[in-house]
Amino acid sequence: MTTLSKKTQNTFRVPSARPFGPALNSSRRIVCPECGNDLLFYEIAEDVTLTTSYLQNADGSFTPQSDDSRILGTVKLFCAECSHDLTRFHNQFVEMLF
Ligand SMILES: [Zn+2]
């Protein structure tokens with residue numbers, strides 16, 4: 001039955017524009033369900049290809065020019081206090097990354 005989802009959509013309208021201001025953002029804070037930490041998190045990217053361009057100098061030494069990283073694997077989010085896997089919040093984390 002689709003009646004329930006239709007009713008939910010009408011009741012809770014999601015604004016199409018990105019919300020601005022700390023009042024709206026504070027209700028979207030990620031909180032670790034294991035330890036309650038809401039301050040420190042870390043992200044782990046698997047299978048990263050890091051390409052660095054170098055310029056060779058006259059004396060044979062090298063100077064890095066630019067870095068390009070390409071993530072081929074999955075990216076996971078963890079609580080920095082208890083290392084609980086918070087990957088299910090990763091989309092929200094990326095949306096709030098400035
Ligand atoms: Zn935690």
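Colleague: What share of the contacts in the protein with a separation of 6 or more comes from residues 24 or more positions apart?
Modeller: Residues 24 or more positions apart account for 55% of those contacts, where two residues are in contact if their C-beta atoms, placed from the backbone, lie within 7 Å. This is a predicted model, in which local features need pLDDT of at least 70 and side-chain atom pairs count only at pLDDT 80 or more, while totals for chains, interfaces and linings use all residues. Residues are numbered from 1 along each chain as its sequence is written.

Colleague: And what does the pLDDT average?
Modeller: The average for the protein is 82, with 73% of the residues scoring at least 70; pLDDT is the predictor's confidence in each residue, from 0 to 100.

Colleague: How much of the protein is buried?
Modeller: Buried residues make up 4% of the 98 residues. A residue is buried if 20 or more other C-beta atoms lie within 10 Å of its own, exposed if 12 or fewer, and partly exposed in between, with C-beta atoms placed from the backbone.

Colleague: Which strand does β2 join, and how many bridges are there?
Modeller: Strand β2 is joined by nine bridges to strand β3 (residues 62-71), and the two run antiparallel; strands pair if DSSP finds at least two bridges between them. Within this pairing, Leu50 has Ser69 of β3 as its bridge partner. The hairpin of β2 and β3 has five residues between the strands, and there Gly60 takes a positive phi near 90°.

Colleague: Is β2 tucked away or largely in the open?
Modeller: Of its nine residues the number buried is zero, so β2 lies largely in the open.

Colleague: Why do Asp47 and Ser83 count as exposed?
Modeller: Asp47 counts as exposed because it has 9 C-beta neighbours inside 10 Å, and Ser83 counts as exposed because it has 12.

Colleague: What does Lys76 touch?
Modeller: Not counting residues up to four places away in sequence, Lys76 touches Glu43, Ile44, Asp85 and Thr87. Lys76 lies in strand β4 and, with 14 C-beta neighbours inside 10 Å, counts as partly exposed. From Lys76 to Thr87 is eleven residues in sequence and 5.0 Å in space, C-alpha to C-alpha.

Colleague: Where does Arg88 lie, and is it buried or exposed?
Modeller: Arg88 lies in the loop between β4 and α3, and it counts as exposed because it has 10 C-beta neighbours inside 10 Å. Arg88 and Leu77 are eleven residues apart in sequence, with 8.0 Å between their C-alpha atoms.

Conventions. Helix = DSSP H or I, 4+ residues; strand = E, 2+ residues; numbered from the N terminus.
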